[in-house]
Amino acid sequence: MEKYAWTGRIASGMKAEYIKRHDEIWTEMVEVLKSAGIKNYTIWNVGDTLFGYYECEKGIDYAAKIQNESEVVKRWDVYMKDILIMDKDPVTGAQPLLEKVFELD
């Protein structure tokens, strides 16, 4: 199982709204993530910085392809645009993958 990690930022003063929107995540968004083979998805926060991590049951490339082609993900991105500052990889359309430099099993 491949692992994926990303970072982003919450717009200033929007942390409560960011949490609220994730507490109310759309059912169809969850379905897209699951169909992409995404498991164990967690997002952490410190200050305005976000750190996200998930595991890709079907591989990173597959997960990125499904998300990039999804109209639901496109709508979610628009919905989050006013509170989330996130660069996107121009090739995959996903958050830039962080380079793993250490892992302890």
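Two strands count as paired if DSSP finds at least two bridges between them, and strands themselves are DSSP runs (E, at least two residues), numbered from the N terminus, as are helices (H or I, at least four). With that in hand, here's a quick tour of a predicted model, in which local features need pLDDT of at least 70, side-chain atom pairs count only at pLDDT 80 or more, and totals for chains, interfaces and linings use all residues. Residues are numbered from 1 along each chain as its sequence is written, and side-chain values use heavy atoms, with hydrogens and water left out.

**Overall build**
- The chain has four helices and four strands, and along the sequence they come in the pattern β-α-α-β-β-α-α-β.
- A compact globule of 105 residues would have a radius of gyration near 13 Å, and the chain's 13 Å agrees with that; the radius is taken over C-alpha atoms, and the globule rule is 2.2 Å times the number of residues to the power 0.38.
- The C-alpha trace spans about 35 × 30 × 25 Å along its principal axes.
- Take contacts (heavy atoms within 4.5 Å) between residues at least 6 apart in sequence: 72% of them join residues at least 24 apart.

**Surface and charge**
- Of the 105 residues, 34% count as buried, meaning under 20% relative accessible area with a 1.4 Å probe and protein chains only; exposed is over 50%, and partly exposed is in between.

- The four strands make an open, antiparallel sheet in the order β2-β3-β1-β4. At its edges sit β2 (38-46) and β4 (84-85), each pairing on one side only.
- β2 runs antiparallel to β3 (residues 49-56), and seven bridges join them. Ile38 has Cys56 in β3 as its bridge partner.

**Two residues to look at**
- Asn40 sits in strand β2 and has a positive phi of about 50°, although it is not a glycine. Most residues other than glycine have a negative phi. Asn40 is partly exposed, at 45% relative accessible area.
- Gln67 belongs to helix α3 (residues 60-69) and counts as buried, at 12% relative accessibility. Leaving out residues up to four places away in sequence, Gln67 touches Leu33, Ile38, Tyr54 and Val73.
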